[in-house]
Amino acid sequence: METNIMDMFEEGKVLKICAPMVRYSKLPFRCLVRRYDCDICFTPMIVAADFMRSNKARDSEFTTNDSDRPLIVQFASSDAQTLADAACVVAPFSDGVDLNCGCPQRWAMAEGYGACLINKPDLVRDMVRLVRNQVAKPNYSTSIKIRIHKDLRRTVDLCQQAEAAGASWITVHGRTADERHQPVNYNAIQTIKDSVSVPVIANGDVRNLRDVEAMHRLTGVDGVMAARGLLANPAMFSGYEGTPLQCVWDWVDIATEQGTPFTCFHHHLMYMLERVSSQPERKVFNSLYGTAAVIDYLHETYGPVQD
């Protein structure tokens, strides 16, 4: 089923979105968070040039199913035509593409991807425009995810250029490319929201439903995106303070049904159980190897979900 993302933005409603996370926001995890009030999911960032160059890359990087909607595919690219070509490939199986203009990792910046693009507004404008022109689905969204400049006027200019080129919506991580653990700049997000007419999504330090509500109240944004908060508690958007046992067993069911590689299966459980496990328990759990051993441990330590 195709979804018009723009129809989801309603006055007074805050969309809850699962961020693109390398290695983690893949199909099984997206299936899990969708059970707990996540409105839109992103794929992990995919390098568009590699995606177009290799069948193997396409098979390994992009996996979906009929229930995995609404879905936004995020690409890293430094070339407009490559991005447009990649968008055309995934368009039949998704509801929009997003250009990563926020990844601060050195390898991405060295390749001309990610946060370095916030300093190339003309290129971002051209990439957005070409995707809009070449994807033959009128309701298909084209968005960008950015970090902010120290000089906020440059960020506003970038966003306004992207909007003029046809960007459907903009996600703003409220830190500069150099910042990691500094507080999120709510004022900057609000300024950007007030400077464009397209919807704005806020990202950064969202770890529970109260943070979602606070972000909306402080910035007026149309949606809130979470990353690490959802890893620690995939049921966060449903209002749970910690991962409920039902969610843990839901993950076991989804991961085993979809044949999730053990490392991914195990790592997600490490995140989910971190807040409720003692240090000795974490040491034992983290050393387990094999799906059967993990499931046995969960049964012995936490038991089944009670009706």
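This tour moves through a predicted model, one selection at a time.

Begin by selecting strand E1, residues 15-18. Leu15 and Ile17 point to one side, Lys16 and Cys18 to the other, and all four are buried, which leaves both faces of the strand covered. At Cys18, look across to Ala226, the residue opposite in E9. Then display strand E2, residues 40-42; E2 runs parallel to E1 and is joined to E1 by 2 bridges. Here the bridge partner of Cys18 is Cys41.

Now include helix H1, residues 27-34: together with E1 and E2, H1 makes a β-α-β unit that is right-handed.

Most residues other than glycine have a negative phi. Arg23 counts as exposed because its relative accessibility is 56%, and the cut-off for that term is over 50%.

**The nonpolar cores**

Select Phe29, Phe75, Ile144, Ile146, Leu269 and Leu298, the residues with the most contacts inside the largest nonpolar core, which has 83 residues. Helix H11, residues 245-257, supplies the largest share of this core, with 7 residues. A second, separate core has 12 residues, among them Met8, Ile72, Trp169 and Met225.

Centre the view on Ile144 and show what surrounds it. Beyond its neighbours within four places in sequence, Ile144 is in contact with Asp98, Leu99, Cys101, Val124, Val128, Ala162, Trp169, Ile170 and Thr171.

**Helices H7 and H8**

Move to helix H7, residues 152-165, and helix H8, residues 186-195; their axes come within 10 Å and cross at roughly 35 degrees. The crossing is right-handed. To see the contact, select Leu152, Thr155, Val156, Cys159 and Gln160 in H7, which meet Ala188, Thr191, Ile192 and Ser195 in H8.

**Two further loops**

Select Arg69 and Pro70, which are joined by a cis peptide bond with omega at about 0 degrees. Pro70 sits in the loop between helix H3 (55-61) and strand E4 (71-76).

The last stop is Asp205, in the loop between strand E8 (200-203) and helix H9 (209-219). Asp205 is not a glycine, yet its phi has a positive value, near 60 degrees. With a relative accessible area of 26%, Asp205 is partly exposed.

Note on methods. Residues numbered from 1 in each chain as written. Predicted model: local features only at pLDDT ≥ 70, side-chain atom pairs only at ≥ 80, totals over all residues. Heavy atoms only, no water. Buried < 20%, exposed > 50% of the residue type's maximum accessible area, 1.4 Å probe, protein only. Pairing = 2+ DSSP bridges. Right-handed = clockwise from strand over helix to strand, strands pointing away. Core = buried A, V, L, I, M, F, W, Y, C linked by side-chain atoms within 4.5 Å. Contact = heavy atoms within 4.5 Å. Axes fitted to C-alpha atoms, helices over the stretch in contact; angles between N-to-C directions. Left-handed = near helix turned anticlockwise from the far one by under 90°.
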